[in-house]
Amino acid sequence: MKAVALVTGTSSGIGLFTAVQLAQAGLAVVATMRNPAKAAALKAEAAAVGVELDVRALDVQDAASIAACVNGVLGDYGRIDLLVNNAGSGFLGTMEETTFEQLTQVMDVNFYGVWRVTEAVFPHMRRAGSGRIVTHTSIGGLIGQPFTDAYCAAKFAVEGFMESLAPVASRLGIHVSIVEPGPVATEFVATVREKLGQNQPTEASAAYTTMRDSYLAASTQVFATAQTGADVARVIVEAATAEQPHLRYVTSDLVRGIAGRKYVDLTGDSIIAMTGSRLG
Ligand SMILES: NC(=O)c1ccc[n+]([C@@H]2O[C@H](COP(=O)([O-])OP(=O)(O)OC[C@H]3O[C@@H](n4cnc5c(N)ncnc54)[C@H](OP(=O)(O)O)[C@@H]3O)[C@@H](O)[C@H]2O)c1
């Protein structure tokens, strides 16, 4: 019987390519999304390469939806061998421009969502004595980026969660890996910019306008050489299928260069100089 993978957030971007590439690698893939009516692009990509996917509903912000999906998969397949925590969503704004409600939403999708789905799948893997959990964080989960205070906080939280779980899970036969992409050309940036347009101007906004414009211009340049969703999906498949998977996978040389600073400069000074240089 094929190993069974459950992937979250497969309606677009990296999750879409991950679901398809895992199926190409020979796994039975349950491709989940919060609204299965958005599965057309995923199905077209799967058909183009001749693989089949089992598309199911799962909203990482809704515990009942997670339970229904996980129990349904266990009922139908009897196992989940691989969980890919891919679903996530960005948010742009420094602390003063972020309402507590927005912070809660960012944490809910990017951190609590990962916690909820992992918590739902983990007992099954523990009882089976095997399994793999591959979770997206970001370079923003290692190094804070200007104007992404809430998003980076959520991704740092995911890093702490998975790095803490990994050694314990390993004793139970479960491999835990974290995948850290830099810029990737997906729907992600458009979604973030769309949300920015919805923010109400406040008294604080004026203090940040020039810095934010510089940061957005610098980000546009960085994203000009972004990886594709398919590139990053290949790294996820590598983590999911390696005989002895690593805890941490960075997806490009760009990320490798930036992430390296965290480990060689324990003062953090060169990191602030680097990220601050994008503020004009
Ligand atoms: N793009 C980048 O530069 C980049 C860099 C580093 C890390 N990442 C991470 O990579 C992951 C995938 O992002 P992407 O770049 O592929 O962006 P994307 O194209 O926007 O895809 C995000 C996916 O997450 C789904 N999602 C959002 N909220 C959800 C929820 N409550 N429940 C279930 N699914 C939900 C979206 O579904 P809907 O269609 O329903 O919204 C979509 O399928 C994210 O965790 C992101 O933080 C991205």
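## Basis

Helices (H or I, at least four residues) and strands (E, at least two) are DSSP runs, numbered from the N terminus. This is a predicted model: local features need pLDDT of at least 70, side-chain atom pairs count only at pLDDT 80 or more, and totals for chains, interfaces and linings use all residues. Residue numbers start from 1 along each chain as its sequence is written.

## Helix α8

Helix α8 covers residues 229-241, 13 residues in total. From first C-alpha to last it reaches 18 Å, close to the 18 Å expected at 1.5 Å a residue. The expected span is 1.5 Å times one less than the number of residues.

Buried residues of α8 are G229, V232, A233, V235, I236, V237, A239 and A240. Buried means that 20 or more other C-beta atoms, placed from the backbone, lie within 10 Å of the residue's own.

## Helix α5

Helix α5 (residues 149-171) has 23 residues and reaches 34 Å, close to the 33 Å expected. A kink of about 35 degrees lies at L165, shortly before the proline P167. The bend is the angle between axes fitted to the seven residues ending there and the seven starting there. Just after α5, G173 takes a positive phi of about 90 degrees.

The buried residues of α5 include D149, K155, V158 and M162. Their cover includes α4, β5 (131-136) and β6 (174-180).

## Ligand shell

Of the 30 residues around the ligand, G9, G13, A87, G88 and F188 come nearest. A residue counts as near if its C-beta atom, placed from the backbone, lies within 6 Å. Helices α1 (13-24), α4 (100-128) and α6 (188-198) each give two or more residues. The most come from α1, with 3 residues.

Methods. A residue is buried if 20 or more other C-beta atoms lie within 10 Å of its own, exposed if 12 or fewer, and partly exposed in between; C-beta atoms are placed from the backbone. Two residues are in contact if their C-beta atoms, placed from the backbone, lie within 7 Å.
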